[in-house]
Amino acid sequence: RKTMEQIYFAGLHLSLIGGVITGLAAFPIAAASEFEQEMSKVLAVTEGAKESFEELNMVASELGRTTRFTATQAAEGLTFLGMAGFEANEAIAALPDTLNLAIAGGLELGRAADIVTNTVQAMGLEVENLGNVTDVLANTVTSSNTNMEQLAEAMKYVATPAAAVGISIEDLGAAIGTLGNAGIQASLAGTNLRSTIVALSAPTKKAQDALDRLGVEVSYTEEGFLDLFATMEDLKEANFSLADATAIFQRRAATSALALANNVDRMRDLAQANRDSAGAAEEMARIMEDNVRGAIIRLTSAFDGFLRALSSGAMGPLK
């Protein structure tokens with residue numbers, strides 16, 4: 001009986017040890033397989049990824065080792081950039097700025113990539129402008145009563161028409177931020193600002209009559225683009241009323257137009273701050289990460305890289 005008990009407990013101990021070993025082996029394999037799966041998506045959706053796959057892999061791995069995001073999350077960011085039409089070399093260049101925006105805005109990396117690529121494309125900008133866009137978005141959020149998701153939602157509705165009439169990303173961010181300070185945020189800010197731009201670009205007879213009565217002409221820049229700020233300034237100086245705003249911008253956008261006109265000086269200040277915002281997203285990300293929780297998250301991300309390294313040579317044979 002004693003011998004049987006010894007055999008039973010020895011078997012139990014071996015089972016426990018085997019379970020631990022199996023678990024330890026599974027962790028690195030799971031981490032590596034998730035990363036491999038996401039990089040396969042990058043390969044599938046990104047032009048030029050096959051030729052630059054080693055560099056893409058290295059960039060995602062390095063960001064996973066040195067930032068709060070895991071390599072799999074970095075690869076997810078590359079996937080979104082690839083889906084947005086970025087070529088492999090463009091996605092590699094854009095990923096660090098996208099990462100800064102994610103940290104600054106408290107977003108998942110994939111969501112940050114989605115927001116910044118949507119904004120770049122809606123504004124008709126080039127890929128090399130992505131860093132400037134992330135800085136303007138970050139500065140707008142830190143300088144006004146709106147968060148990154150609300151700003152992105154507003155941009156979704158107004159970025160394309162704003163770009164069509166020559167409004168810059170810096171000025172557009174300032175206008176959205178100014179509306180945010182007045183409690184007009186997210187989709188409401190975007191749709192109201194869009195209506196404001198359309199009303200000034202093609203005034204109805206009723207709107208033109210109201211403008212003539214106030215002695216205000218819609219202002220344009222030397223290049224022939226709509227000058228939203230100058231027009232709002234002229235309306236403010238003409239002391240236009242809610243009735244005038246309703247006639248010009250219709251009922252839906254009237255209160256937003258009044259908010260822009262009444263705060264045009266602050267809007268100009270925010271626009272200038274946006275133009276001077278180079279490095280804002282990186283600085284904001286650095287400040288937000290400079291704490292114990294940030295260090296713990298970075299450690300967790302680095303440990304994920306360690307687990308992947310343990311099984312990197314086993315993935316081929318396993319497949």
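1. Gln250 lies in helix H12 (residues 242–262); helices here are DSSP runs of H or I with at least four residues, strands are runs of E with at least two, and both are numbered from the N terminus. The phi of Gln250 is near 70°, a positive value in a residue other than glycine. Gln250 is exposed, with a relative accessible area of 54%; exposed means over 50%, buried under 20% and partly exposed in between, using a 1.4 Å probe and protein chains only.

2. The model is a predicted one, in which local features need pLDDT of at least 70 and side-chain atom pairs count only at pLDDT 80 or more, while totals for chains, interfaces and linings use all residues. Residues are numbered from 1 along each chain as its sequence is written, and side-chain values use heavy atoms, with hydrogens and water left out.

3. A positive phi also occurs at Ala186, at about 55°, although Ala186 is not a glycine. Ala186 is placed in helix H9 (residues 186–201).

4. On the overall fold, the protein has 16 helices and zero strands. Of its 319 residues, 45% count as buried. The accessible surface comes to about 16200 Å², and 54% of that area belongs to carbon and sulfur atoms; areas come from the Shrake-Rupley method with a 1.4 Å probe, and for residues only the protein chains shown count as cover.

5. Among contacts with a separation of 6 or more, 70% are accounted for by residues 24 or more positions apart. A contact means heavy atoms within 4.5 Å.

6. Helix H6 (residues 130–143) packs with helix H13 (residues 264–275) at an angle of about 140°, with the axes 9 Å apart. Axes are lines fitted to C-alpha atoms, for helices over the stretch in contact, and angles run from 0 to 180 degrees between N-to-C directions. H6 is therefore oblique to H13, since angles under 35 degrees count as roughly parallel, over 145 as roughly antiparallel, 65 to 115 as roughly perpendicular and the rest as oblique.

7. Glu38 is found in helix H1 (residues 2–45). Glu38 counts as buried because its relative accessibility is 11%. Leaving aside residues up to four places away in sequence, Glu38 touches Thr72, Ala75, Glu76 and Thr79.
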